[in-house]
Amino acid sequence: MDALSLPPDAPLPDDVASLQALVRQLLAEVARLRAENTALQGKLDQALKHRFGRRSERRRPKPAAGDDEPARARDLHGRAPLPEHLERREVVYDLTEAEKLCPCCGQVRVCIGTQTAEQLDLEPARFFVRRTVKKSYACQHCDPAAVPVEQRLQTAGPEQVGPLAKGLCGPGLLAHVITAKFADHTPLHRLAGQLARSGVRIARSTLGDWLAAAADLLEPLYQLLHQRLLLSRVIHSDDTGVKLRVAGADRTRKAHLWANIGDADYPYVVFDFTAHYTAAGPTTFLAGYQGYLQADALAQYEGLYGDDKAKHVCCWAHARRKFVAAAEGGAARANVALEQIRQLYAIERELPPLLPPTDDLVLGEQRRQREEQRRQRRQQQAEPVLAELKKWLDQERPQALPKSALGQALGYALNNWEALKRYQEQGYLAIDNNLSERTLRAIALGRNNWGVIGSETGGQTAAVLYTLVATCKHLGIDPFVYLREALPGLFALGEKPTGEQLQEWLPDRWLLHRGRDSPGREATAG
């Protein structure tokens with residue numbers, strides 16, 4: 001007899017064995033429902049926290065018994081000094097000649113001092129028309145019938161004026177449009193309104209065409225950045241979803257932008273756009289890469305790992321996040337894992353910093369020694385903590401419900417344990433993949449403003465332009481200043497620039513040649 005199919009008023013059997021069987025079925029069903037209820041309650045709590053709760057994952061450790069909690073440092077308030085490189089325009093207030101006379105004796109009063117106050121002010125963007133005049137010269141002494149026209153006539157300047165062939169926009173305006181959209185997250189309709197307030201009316205569709213043409217111009221440089229990225233010893237990678245408009249469909253579908261960040265030797269941020277969420281995206285983009293790949297435990301990356309392939313370095317911040325969710329859902333045991341993960345991060349904060357790349361042999365050897373020093377410190381200090389954490393994970397997993405928040409946290413950590421502890425292998429590896437997550441914030445902020453990507457071609461345009469803007473911000477370069485010079489420079493190289501020519505316009509090479517002495521506008525961490 002099936003206890004679950006019986007109606008409430010059905011007669012029950014009289015024999016003890018049948019009643020015991022019914023009770024066992026009911027107890028098993030109660031246990032299943034309790035587990036399901038716990039899982040659903042955890043998901044509800046997590047959703048409510050995400051919607052209404054505090055987003056920060058910072059957890060301050062509780063002071064030990066008898067220890068006085070250190071006083072929190074007060075925030076220092078005050079007005080920061082205004083930048084020295086800004087132009088100073090003085091407004092001087094003085095007395096009239098009549099006011100300078102003393103009302104008592106009638107003599108002229110003498111200036112005994114001044115009181116000065118500085119304010120930061122702004123002028124609206126100033127547009128101007130760049131009129132290019134190319135003068136042509138001809139020889140009037142040669143016989144036109146005997147001398148070819150290309151020898152008698154010569155015109156100064158380039159054949160076409162860039163950065164866009166026959167385009168209305170100059171390099172400064174095009175750089176401004178790219179920076180506004182991909183660094184400042186301004187949608188094109190809002191940007192068109194801003195330009196209109198300055199007396200310049202440009203259609204939103206025209207701005208979109210400019211961005212597409214700029215991406216075509218930057219495509220060879222984008223491909224070079226991609227090639228050099230794959231030379232990195234370690235690549236940080238992550239993805240985020242974006243809405244993609246599909247022609248003829250009544251709703252958008254989810255596409256993805258993948259951020260890939262190189263190491264200090266190849267400090268480039270290269271985005272890839274995929275209209276799907278399959279392994280084909282990262283497998284194609286990172287094909288042939290054999291270094292370390294710091295990424296979350298996504299199935300899409302699995303084909304990249306293996307012998308003579310990339311080595312997976314998993315993210316401790318991602319693993320910690322799952323234990324935070326379990327602890328906030330009522331699983332107090334998760335605090336044990338959080339405390340041990342906190343110890344791992346405390347060890348990281350005490351490690352000596354990595355040294356920058358250099359061509360100097362002595363400094364290069366010091367850099368390698370520093371990396372080895374970090375590796376040894378991790379082996380000595382972090383390995384015991386990891387061993388203790390692994391022992392606790394093994395003990396707790398059989399006791400936790402697999403679908404509960406704690407069970408999922410335990411399963412994630414144990415299933416990816418080798419990748420989680422791999423950061424100890426090299427001193428230049430990071431304990432987490434937070435670099436990628438911080439980089440993707442620009443996409444998250446942008447999609448809240450521009451909403452959707454209009455087509456797959458528009459997605460590739462976004463990938464190219466986000467790549468250049470994000471790489472500039474990664475290097476501390478103002479994207480506007482770089483693009484204002486790079487766009488006409490790349491246009492001047494023609495349709496088939498060589499690799500050597502393109503290398504001069506890599507953002508890090510450009511910064512090296514240009515130096516950091518130009519004030520410009522500072523890069524903002526959008």
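Predicted model: local features only at pLDDT ≥ 70, side-chain atom pairs only at ≥ 80, totals over all residues.
W258 is buried, at 2% relative accessible area; buried means under 20%, exposed over 50% and partly exposed in between, with a 1.4 Å probe and protein chains only. Residues are numbered from 1 along each chain as its sequence is written, and side-chain values use heavy atoms, without hydrogens and water.

**Aromatic pairs**
- The structure holds 8 aromatic pairs. Rings of Phe, Tyr and Trp (its six-membered ring) pair if their centres lie within 6.5 Å; planes under 30 degrees apart are stacked, over 60 edge-to-face, the rest tilted.
- F182 and Y466 pair edge-to-face, because their planes stand at 80 degrees, with centres 4.9 Å apart.
- F182 sits in helix α3 (residues 171-182) and Y466 in helix α13 (residues 456-474), so this pair ties together parts 284 residues apart in sequence. Helices (H or I, at least four residues) and strands (E, at least two) are DSSP runs, numbered from the N terminus.
- F182 and Y466 are both buried.
- W258 and Y277 form a tilted pair, with centres 5.7 Å apart and planes at 35 degrees.
- W258 lies in strand β4 (residues 253-261), and Y277 in the loop between β5 (269-274) and α6 (280-285), 19 residues apart.

**Cluster**
- Ring pairs join F182, F271 and Y466 into a cluster.

**Charges over rings**
- The charged end of R233 sits over the ring of Y428, 4.0 Å from its centre. The criterion is NZ of Lys or CZ of Arg within 6 Å of the ring centre and within 35 degrees of the ring normal.
- K322 has its charged end over the ring of Y412, 5.1 Å from the ring centre.
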